[in-house]
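Try each task before reading its solution.

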Amino acid sequence: VLEAQKLDPPPAELKLLNRDARRLLKLTKHADEARKARVKRRAEEARAAHQRTAGVGLASKPASSMPVPGSTLGYLEESDRSRWAEARLAELLENVEVDLGQGACVAITTCLSNESSVSASVTRKRGQRSLYYDIDVKCAWRAEWRGFDLSPAKDGPRPLEGSIRLYNV
């Protein structure tokens, strides 16, 4: 009787052994997949390092390539809008004129693009858009009194000119 009990374990113990065996199979499967992914990633990194050192250009992907289900293609997408933002900002700021009252007026004459820095980008993550920008703009301005005779022979208010810098925007 003792020999028969050793050969045939109780049902509760069989259940625990089967559960542990399934768990170990899952763990080994995941470990094998992770090992294969590491080997593939190392091979891709080695190819990329070779391309960088050899100066070989990157091949363009065919237009018919479809993303694999579960891939992260399109997860994070960024587009640079700096040129558009710089042109639009110059368009909005140039020739802006403000009447200060009593004949005084200030106008922005030009945006000094060589002394300005504008960077803007739109990032899409999981379908939601985010805008990132950094603006450091410098413009030339002119202030004058209207309604006065500004001829050189007359003594009176003269036009003023200068530059203004708007930064950390």
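**Exercise 1.** Work out how the span of helix 3 (residues 82-93) compares with the expected one.

*Solution.* Start with the length: helix 3 has twelve residues. Helices here are DSSP runs of H or I, at least four residues, numbered from the N terminus. The expected span is 1.5 Å times one less than the number of residues. From first C-alpha to last, helix 3 reaches 16 Å, close to the expected 16 Å. Next comes Asn95, which follows the helix with a positive phi near 65°.

Before going on: this is a predicted model, where local features need pLDDT of at least 70 and side-chain atom pairs need 80 or more, while totals for chains, interfaces and linings use all residues. Residues are numbered from 1 along each chain as its sequence is written, and side-chain values use heavy atoms, leaving out hydrogens and water.

**Exercise 2.** Find which side chain meets Glu91 in a salt bridge (a Lys or Arg side-chain nitrogen within 4 Å of an Asp or Glu carboxyl oxygen).

*Solution.* The partner is Arg88, at 2.8 Å, N to O. Both lie in helix 3, three residues apart, about one turn. An α-helix has 3.6 residues a turn, so residues three or four places apart point the same way. Now check exposure (buried is under 20% relative accessible area, exposed over 50%, partly exposed in between; 1.4 Å probe, protein chains only). Glu91 is exposed at 55%, and Arg88 is partly exposed at 33%.

**Exercise 3.** Identify the salt-bridge network that contains Glu144.

*Solution.* Glu144 pairs with Arg142, with the closest N and O atoms 3.2 Å apart.

Definitions and conventions: Helix = DSSP H or I, 4+ residues; strand = E, 2+ residues; numbered from the N terminus.
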